[in-house]
Amino acid sequence: MKVVWEKEIPAESVIISPRPVWKCRTCPMFGKRPSCPPHVPEWRETRELLRHYRKVLLIKFEIEMKDFENEKRKVLTWLLKKEREFFRQGKIYALALFPGNCNLCDDCPFEKGKSCKMPTEVRPSIDAIGIELGSLVELNFSESVLYGMILIE
């Protein structure tokens, strides 16, 4: 996993709609992970939340597709570490958003109807809460990349 770039963007430029959430419904992980609908705030709540932020950090990660799960886990860990750095800098409401479903655990107990082992680490998926990532970056599906976000302040 490698960080390709980090861009600070105005929170008001983030488009929120029901479209990504509806797309989530076509995913085989829908409802199975705590970072996915219906276990996350609805898109309308996200719209209200973003009204209280001025800046968002958008991050592009390059990953090795042949080791996708481990590479994605590194991305999630990186996002959580960066969120903690912002918190220590006094940005106490910094909040990371995951690229897709959470895969912090090798074997997710939540999928089996048990409690999440890392409830303080799980963050919502960007799409799951209605953020239209395609309005912020040009998505090129031939690239081996993931995008993450951190609401800063």
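**Pockets, sheet and an aromatic pair**

Helix 1 contributes four residues to the lining of the largest pocket, the most of any element. Helices (H or I, at least four residues) and strands (E, at least two) are DSSP runs, numbered from the N terminus. This is a predicted model, in which local features need pLDDT of at least 70 and side-chain atom pairs count only at pLDDT 80 or more, while totals for chains, interfaces and linings use all residues. Residues are numbered from 1 along each chain as its sequence is written, and side-chain values use heavy atoms, with hydrogens and water left out.

A pocket here is an open set of points on a 1 Å grid over the protein atoms alone, where a 1.4 Å probe fits, with protein on both sides within 12 Å along at least five of seven lines; lining residues have an atom within 4 Å of a point. The largest pocket has a volume of about 870 Å³, volume being the space filled by probe spheres set on the points, which are joined across faces, edges and corners. Its lining counts 32 residues, and Gly100, Asp127, Leu133, Leu139 and Phe141 lie nearest the centre. At least two lining residues come from each of helix 1 (19-24), helix 3 and strand 4. By class, 18 residues of this lining are nonpolar, eight polar and six charged (Ala, Val, Leu, Ile, Met, Phe, Trp, Tyr, Cys and Pro count as nonpolar, Asp, Glu, Lys and Arg as charged, the others, Gly among them, as polar).

The second largest pocket has a volume of about 180 Å³. Of its 13 lining residues, Val21, Arg25, Pro37, Glu42 and Trp43 are closest to the centre. Helix 1 and helix 2 (43-50) each give two or more residues to this lining.

Four strands form an open, antiparallel sheet in the order 1-2-4-3, where two strands pair if DSSP finds at least two bridges between them. Strand 1 (2-10) and strand 3 (95-97) are the edge strands, each pairing on one side only. Eight bridges join strand 1 to strand 2 (residues 55-62); Glu6 has Ile59 in strand 2 as its bridge partner. Helix 3 (residues 68-88) packs on the sheet and touches strand 1, strand 2, strand 3 and strand 4 (145-151), contact meaning heavy atoms within 4.5 Å.

The structure holds two aromatic pairs. In one of them, Trp5 and Tyr147 are tilted, at 6.0 Å centre to centre and 50 degrees between the planes. Rings of Phe, Tyr and Trp (its six-membered ring) pair if their centres lie within 6.5 Å; planes under 30 degrees apart count as stacked, over 60 as edge-to-face and the rest as tilted.

How values were computed
Axes are lines fitted to C-alpha atoms, for helices over the stretch in contact, and angles run from 0 to 180 degrees between N-to-C directions.
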